[in-house]
Structure formats: structure tokens, C-alpha cells
Amino acid sequence: MKKIWKWFLIIPIFIGITFSIWITMKDKIGETEELKKRDNLFGNVMTKSAEVTKFYTYGTSLNIEGKITGISKDNYEGIRIIVTDGINYNKEYKASVSFEETTLNFSTGSKMNDSINLEELQANNKYYIKVRLKVNNSKSYKYYLLENKSDYGNIEYYTLTKEEKNNKIDIKFEKENYNNKEYAYLGLKVEECSLPEEIFDIVIDSGHGGTDKGNTSGGVSEADLMLDYAKSLKSSLEAKGYKVKLTRDDENSSMYTYYNMYDEDGRITVACKTKAKFMISLHTNDSNASGVEIYAPNNCDLEIAKNIASKICENSNLSYSTYNSYKVQDGVYIRNFKTYDITKRSESLSAKGIEPYLITTSTPYLYTIREVGGIATNAYVDGRDKNYSANKYYNSNQGIECYQVSVGNIKSDLEILKNEKEAIINAIASVF
């Protein structure tokens, strides 16, 4: 009996000692890993940071533009942008470069929707961005952290909903001391969360509305037909788990005009408030051509636009549009301002005593694509033309990746658009 009581006393003591040792070892391992992480992050970087001159999100990508002084073209070998957590994650991205005397300018690649992928970062982790530079008079790499020298503030990004889960990513410039030196850096802090009430994954804009009926045929208006499409597409995307917002619905459609799109409750403002990653603007063709036309932003990877066009044509009796202006491949179009458009718009504003907008031949012509993209797409409606309210988000560094989906011609394709709506909607939804 005494032996039994003895074991009753010994076993808890043994468990307690073992647990204490485990806790101590765990803390020491944690401290060692944290020291290793800090050494990996700050131990090999240059004291001078690379200067960020512009940074923005577009769709699911983070884009960075910056410069490093004191580097000449003759001395340059290569550059990579690296996203790392200092321990387990280390991903390299190619960068584009140019030179101005002894200043190296860099940016995250040539496609603004195919840069640093924010969707693949893991929750409850923190990542750091470095620039790795190789010059031909050094055997080793030079590593630079990033310091904000731009006119733009930090970004709060929310990932797309997957299996009812989201991450919030704080894209933030910070400073940290290491070995008695202060280092500026760009960090990506990732935390699992639920989407706030006002944040959405995808926004759907049905073209026209209110007094603007758009194209009409057989007693059917583009505005009404595309609203019906938008509501169905919303349901289809929600069935896939996405949180979806309509810019107009049965309640607010009657209030819209061509001139109030940037008002507080206007279509562009409603879209930009959502911080959505993608926007689909639904239309029928303005041209006399029949078939599908997907208008995409310039400077973009066109895979999504190409997939929308091909899926619609594969799953319905619609074909690729026969319209050739602005066409870049079957069913895919990019329409920017032409020199003639810029001159005409500038002359019109100047005649009113208004300073012309800074528009280039790389600026998207279609306002639904341009004005929800912020600085990524050169949005410019700032209120100087009093016919329109200012787009409060024209200078935003958080842009929505927008595609104008012209599903067909309301005159020549009307019967297909009415009878095959479900197939067309499911085809669009399948791309996301």
C-alpha cells in the first residue's frame, strides 16, 4: 500500500519536472530560431536601403518600384526581389531595370497582375522584402532592405475567400534595431481573419442603368439585361464561396446617370470601397460586330481575359467577336487612349479653362477599367472637370483588377443572350 502511495507522489513530480524541461527547451529553441531569423534578415544587408518610389496592389499582386544609387550600368550584373520570412520561406521574383547615370531603377516585373503573389503567403507569419543585387566588381551579392520614399501610405490587403477563410496582410514600412543599427524595411504581416462587412472578394458592375439604357433591341435594354446577368453571376460566384458586391441592383439602378458615377453612391465609388481583388463590368458590344469581346487593362498578363473569352465560346453558341480594332488575340481587346483622343480631350478641357489631365497612350480608355485601378491604371478623374465629382480613389495605391466583359451584340446575339444566360454566367464564374 505504501509503495502505491509512493508512486502517486513520484509520478506527478516526474511529470512536472519533464514538463518544465520541455517548456524551457521550447523557449530556448524559440529564442535560437528568432536570433537565426534576425541574423538572416539583417545580418547581410547594406546599411543603406533601397528607396521605394512607388508601390501598389493590383488584383492579388504587390508591385514595387524603386531605386538604388551608386550603381552604374557598366557595373551591373543582375537583380532579384526576394520575399522571405527569414527561416522557411524564400521566393525570388525577377525585376525590370533601367539606369539614369549611376542610379539603378527597378520594378517587380512587367505585368502588374503577375508580381509578388499575396495570396500564397501563410497566415500568422511575417515576411520581409529584400533586393539582391550582383555587381561585376564583387564576388558576393549585395542585399538591400526597402525604405519608403514614395507619396503613398501603407496598405491593408485582404486575401480572396478560400474555404471560408481569409488573411489580412498589413503591407507596412517599419524600422527595427539590429546590432545597434536601425534598419528600415518593408514587412508583410499576415493574420487569419474574417472579411470586415465592407470588404469583398469580387465586385460586379452591370453597365449603364437609370436614365442610361445603353444599347437596345427587341424591347430589351442593355442596362436591364446586364443587371439580370449581374445578379445571376453574383449567385454563381457566391456558390463558390466568394463574397460579392453589385455596384447597382434593383434598389439603386434608377438613380444612375452618366455623370454621377463618381458620387458617394456612384458605381465607381461603390466598387472602390469594397477593396475587391477583381471586378467584372458586364456589357453588350458597342461595335456592330457580333460575338464576345473581353477588354483588359494594358500592362497585364492576359490569362484571365483569354480564359473568360474561351470559356464563354466553348459553353455557348457565342463566338469570338468579329471586331478587329483594339484586338490583341481572339476575344481579347486592349483599348488605350490614342494620340487623337488625348488631343481632343485636352482641347475640350482647355476651352473651358481647365488644365488637361495627364493622359498617355498607356492610359486605359474605358473608365470602368481605369478608374478602379488607382495609380496602377493611371486613374485621373480628380474633380477638375465640374461635370463629374472627383473619384476619391483615383490616387489610390490599392487597385481592383477589372475586366469589361461584353458578352455579345444585343442586336445580332439577343436570342443567345436570352436563352443561354445560365451557360454564359457559369462560364464566366468558372474562371475565378
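Reply: Phe42, Tyr128, Tyr178, Tyr183 and Tyr185 make up one aromatic cluster. The model is predicted, so local features need pLDDT of at least 70 and side-chain atom pairs count only at pLDDT 80 or more, while totals for chains, interfaces and linings use all residues. Residues are numbered from 1 along each chain as its sequence is written, and side-chain values use heavy atoms, with hydrogens and water left out.

Rings of Phe, Tyr and Trp (its six-membered ring) pair if their centres lie within 6.5 Å; planes under 30 degrees apart count as stacked, over 60 as edge-to-face and the rest as tilted. Across the whole structure, a search finds 20 aromatic pairs. One of them joins Tyr141 and Tyr143: the ring centres are 6.3 Å apart and the planes stand at 70 degrees, so this pair is edge-to-face. Tyr141 is partly exposed at 42% relative accessibility, and Tyr143 is buried at 17%. Here buried means under 20% relative accessible area, exposed over 50%, and partly exposed in between (1.4 Å probe, protein chains only).

Tyr262 and Tyr367 also form an edge-to-face pair, with 6.5 Å from centre to centre and 70 degrees between the planes. This pair links distant parts of the chain, 105 residues apart: Tyr262 is in the loop between strand S17 (244–246) and helix H3 (267–273), and Tyr367 is in helix H6 (residues 367–370). Helices (H or I, at least four residues) and strands (E, at least two) are DSSP runs, numbered from the N terminus. Tyr262 is buried, with a relative accessible area of 5%.

Two rings have a charge over them, meaning that NZ of Lys or CZ of Arg is within 6 Å of the ring centre and within 35 degrees of the ring normal. The charged end of Lys277 lies over the ring of Tyr157, 5.6 Å from its centre. For Arg335 and the ring of Tyr365, the distance to the centre is 3.8 Å.

One further tyrosine has a backbone detail. Most residues other than glycine have a negative phi. Tyr326 has a positive phi, near 70 degrees. Tyr326 lies in the loop between helix H4 (303–315) and strand S20 (327–329) and is partly exposed, with a relative accessible area of 22%.

Asn113 is buried, with a relative accessible area of 13%.
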